[in-house]
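Hi,

Here is the structure I promised to pass on. Have a look at it first, and my notes follow below.

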Amino acid sequence: MHSTTCITRTLSRTPRIRLTPRWRPLGRRLLHARATEYLQCNDPDLTESQRLVRTSIAKICANFPDEYWAKQEELKKFPTELYDTLAKDGWLGICMPEQYGGSGLGIAEAAVMMQTISESGGGMTAASSIHMNIFGLEPVAKFGTEEQKERWLVPLIAGRERACFGVTEPNTGLDTLKLQSSATRDGDDYVLTGSKIWISTAQNAQKMLILTRTTPLDQVKKPSQGLSLFYTDMTDAVEITEIPKMGRAAVDTNTLFFDGWRVPARDLVGKENEGFKMIMHGMNAERILIGAEALGLGYTALRRAAIYASERHVFGRPIGKNQAIQHPLADSWMKLEAARLMLYHAAKMYDQGYDSGEYANAAKYLAAEAAFEACERAVMTHGGMGYAKEYHVERYLREVFIPRIAPVSREMICNYIGERVLGLPKSY
């Protein structure tokens with residue numbers, strides 16, 4: 001029998017290390033009590049590399065408990081301690097090429113990493129603090145020059161530079177092809193004018209990957225043409241205004257305005273006017289990763305709910321004995337597991353070169369919905385205490401709205417499946 005190191009914790013005990021069986025011979029599945037074991041590491045479907053990532057990240061996250069994340073939210077303080085720890089141990093470049101300091105692993109391993117970070121109690125706050133590092137510079141890794149990769153990837157992976165991603169605009173939303181920010185060539189520079197919205201970590205970033213229009217919409221044959229991608233320094237020409245929001249206060253979200261922002265031409269990624277196809281390269285990966293982050297929130301909420309339901313006694317019995325409590329939690333475990341299996345299947349397909357988006361989109365949709373339901377049920381299981389910050393589940397519920405909305409809405413995913421898979425007429 002093989003073993004792997006796992007970390008277990010209940011609400012009343014500090015983390016401790018123990019060995020748990022990984023699997024049993026003859027195909028008999030180990031019952032692993034997912035809902036009550038903290039970051040259990042023995043899912044039998046994981047590959048050896050995924051299991052190693054899960055175990056290693058679990059050890060790091062054990063040093064950043066729920067209380068840490070509650071404090072970061074209260075102070076609205078970026079989690080530099082986690083960021084620096086992950087950078088020091090080389091995790092910020094998990095998907096990046098090895099020659100630039102990365103690990104050269106796949107989205108399947110990165111998804112395990114992001115699920116574990118979220119599942120530790122850090123939720124979308126923890127995941128969002130490093131999210132851009134994991135998938136954001138995929139266009140640079142694929143389309144950038146060797147000089148650009150050396151100049152940009154090395155400091156990002158080492159944690160010396162942070163980056164944000166600018167696509168969405170106030171007047172266009174998900175209609176990316178209609179974005180209005182512009183970049184005009186002026187000698188050795190481009191001059192950028194426009195605005196972006198919902199830009200996470202801009203207050204803490206030194207760099208920005210930004211998509212703008214270099215050829216007006218009325219001068220191109222197709223709307224997808226005429227967009228260019230830049231990776232450049234944040235300067236004083238960019239006015240950053242934070243957006244107050246219902247959750248994830250420790251990681252800033254912003255509106256950006258810029259006029260006369262001079263960007264060196266050498267910061268253009270790939271060819272001018274071909275930026276849209278470059279950002280599309282990373283979109284399926286982002287959907288998989290955000291789905292994994294949602295799963296992490298769902299599992300940690302379910303864990304707390306199951307423990308509370310076992311420990312809380314009313315009318316002389318644990319409330320978990322009541323099927324009105326027990327059945328919804330069991331239902332959530334099954335839905336989370338179903339979403340997890342589809343998500344890791346989508347990740348495997350992505351790593352094998354499958355570039356269509358139906359599985360990545362569907363996995364993100366199912367993971368976000370299952371996680372939202374689990375977080376809501378966790379609050380209701382706690383009753384009045386679910387509304388109290390002491391038990392953390394109210395924070396999970398506020399943060400789990402993010403993967404339902406971003407980076408693409410549930411409705412747009414249904415549009416995609418309806419049109420691309422079912423062959424139905426385009427509805428928008």
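A quick definition to start: buried means under 20% relative accessible area, exposed means over 50%, and partly exposed is in between, using a 1.4 Å probe and protein chains only. This is a predicted model, where local features need pLDDT of at least 70, side-chain atom pairs count only at pLDDT 80 or more, and totals for chains, interfaces and linings use all residues. Residues are numbered from 1 along each chain as its sequence is written, and side-chain values use heavy atoms, with hydrogens and water left out.

Now the salt bridges (a side-chain nitrogen of Lys or Arg within 4 Å of a carboxyl oxygen of Asp or Glu). The whole structure has 29 of them.

One of these joins Glu146 to Lys149, at 3.7 Å from N to O. The two are about one helical turn apart, because they sit three residues from each other in helix H6 (residues 146–158); helices are DSSP runs of H or I with at least four residues, numbered from the N terminus. Glu146 is exposed at 52%, whereas Lys149 is buried at 11%.

Lys389 and Glu394 form another, with their closest N and O atoms 3.6 Å apart. Here Lys389 is exposed at 55% and Glu394 is buried at 13%.

Then there is Glu337 with Arg340, at 2.9 Å from N to O. Both lie in helix H8 (residues 323–351), and both are buried. They also belong to a salt-bridge network with Asp43 and Asp45.

Happy browsing!
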